[in-house]
Amino acid sequence: MSLAKQITTLVIAAILLGLGTRVVTKNDTPLWGFPQPIKLQPAPSFAAEGAAKPDSLFAASSQPYEVDLATAMVLYMKRTKSNIHFVDSREAKLYAEGHIPGAINVSYDHLDQDGQKFLELPKEDLIVIYCDGGDCHLSHDLSEWALANGYGRLAVFTGGWAEWAAETELIETAGEN
């Protein structure tokens, strides 16, 4: 057999082996590109009835809500009375440098170490998850993980830490909480 036929046979065998492995392991990673983050649904309007208790507008759902800075601020102000929790999904080092006051750090990249902190949050409470904002998908990934663990009242603050730090003075660093 010529060298070209041997190389062609090896390439075809490698492709078939790879595709077969995907089918057997039920891997949902797309063949091309990157996995898509979980889709978010729009947040309910605070102008609607029930605005006096904004967390009640966020009913349990199989899809997290997408919240902007204004909504995150309202939820932050109501967090104590309305059982709303903020979760920072970034690395511990970034959390220590600055985070939303009162937020707990559950790094999506270290769920093996931090996951228990998240699981201690009441499942019936509203949980607002954020990361760096922009292209950061840690909050999306963490919300998907939380859904799989039985949490249904989730909101992703898409502007994240970048928008919060730029627009507010409500910043806490390690040692302040």
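Residues are numbered from 1 along each chain as its sequence is written, and side-chain values use heavy atoms, with hydrogens and water left out. Because the model is predicted, local features need pLDDT of at least 70 and side-chain atom pairs count only at pLDDT 80 or more, while totals for chains, interfaces and linings use all residues.

## Overall architecture

The protein chain has six helices and six strands, where helices (H or I, at least four residues) and strands (E, at least two) are DSSP runs numbered from the N terminus. Along the sequence these elements follow the pattern α-β-β-α-β-α-β-α-β-α-β-α. Of the 177 residues in the protein chain, 36% are buried; here buried means under 20% relative accessible area, exposed means over 50%, and partly exposed lies in between, with a 1.4 Å probe and protein chains only. The accessible areas themselves come from the Shrake-Rupley method with a 1.4 Å probe, and for residues only the protein chains shown count as cover.

## Salt bridges

The structure holds four salt bridges, a salt bridge being a side-chain nitrogen of Lys or Arg within 4 Å of a carboxyl oxygen of Asp or Glu. Three of these pairs are set out below, with the distance between nitrogen and oxygen.

| D88 | R90 | 2.8 Å |

In helix α3, E97 and K93 are four residues apart, about one turn of the helix, and K93 counts as exposed because its relative accessibility is 61%. The other helical pair, D114 and K117, lies in helix α4 (residues 111-119), with the two residues three apart, again about one turn of the helix. Burial is divided within this pair, since D114 is buried with a relative accessible area of 12%, whereas K117 counts as partly exposed at 37% relative accessibility. Beyond the individual pairs, salt bridges that share partners join D88, R90 and D132 into one network.

## The disulfide

The structure holds one disulfide, defined as a pair of cysteine sulfur atoms within 2.5 Å. A disulfide is a covalent bond between the sulfur atoms of two cysteines. In this model the bond joins C131 to C136, with an S to S distance of 2.3 Å, and both cysteines are buried. C131 is placed in the loop between β5 (126-130) and α5 (138-148), and its relative accessible area is 2%. Although C131 and E91 are 40 residues apart in sequence, their C-alpha atoms are 9.1 Å apart in space.

## Other contacts across the sequence

Two further pairs relate positions that are separated along the chain. A103 lies in the loop between α3 (92-97) and β4 (104-105), and it is buried, with a relative accessible area of 3%. The C-alpha atoms of A103 and E172 are separated by 9.0 Å, while the two residues are 69 residues apart along the chain. Q116 is found in helix α4 and counts as partly exposed, at 49% relative accessibility. From Q116 to V106 the C-alpha to C-alpha distance is 8.8 Å, with the two residues 10 apart in sequence.

## Surface patches

Patches are made of residues with over 30% relative accessible area and no salt bridge, with like charges joined within 9 Å and nonpolar side chains (Val, Leu, Ile, Met, Phe, Trp, Tyr) joined within 5 Å. For charge, Lys and Arg count as positive and Asp and Glu as negative, whereas His and the chain ends are not counted; the place of a charge is taken as NZ of Lys, CZ of Arg, CG of Asp or CD of Glu.

A patch of negative charge on the surface gathers E66, D68, E163 and E167. Of these, E163 is found in helix α6 (residues 160-167) and is partly exposed, with a relative accessible area of 31%.

A nonpolar patch on the surface is formed by L3, I7, V11, I15, L19 and L31, which together have about 570 Å² of accessible area. Within this group, I15 has its place in helix α1 (residues 3-25), and I15 is partly exposed, with a relative accessible area of 48%.
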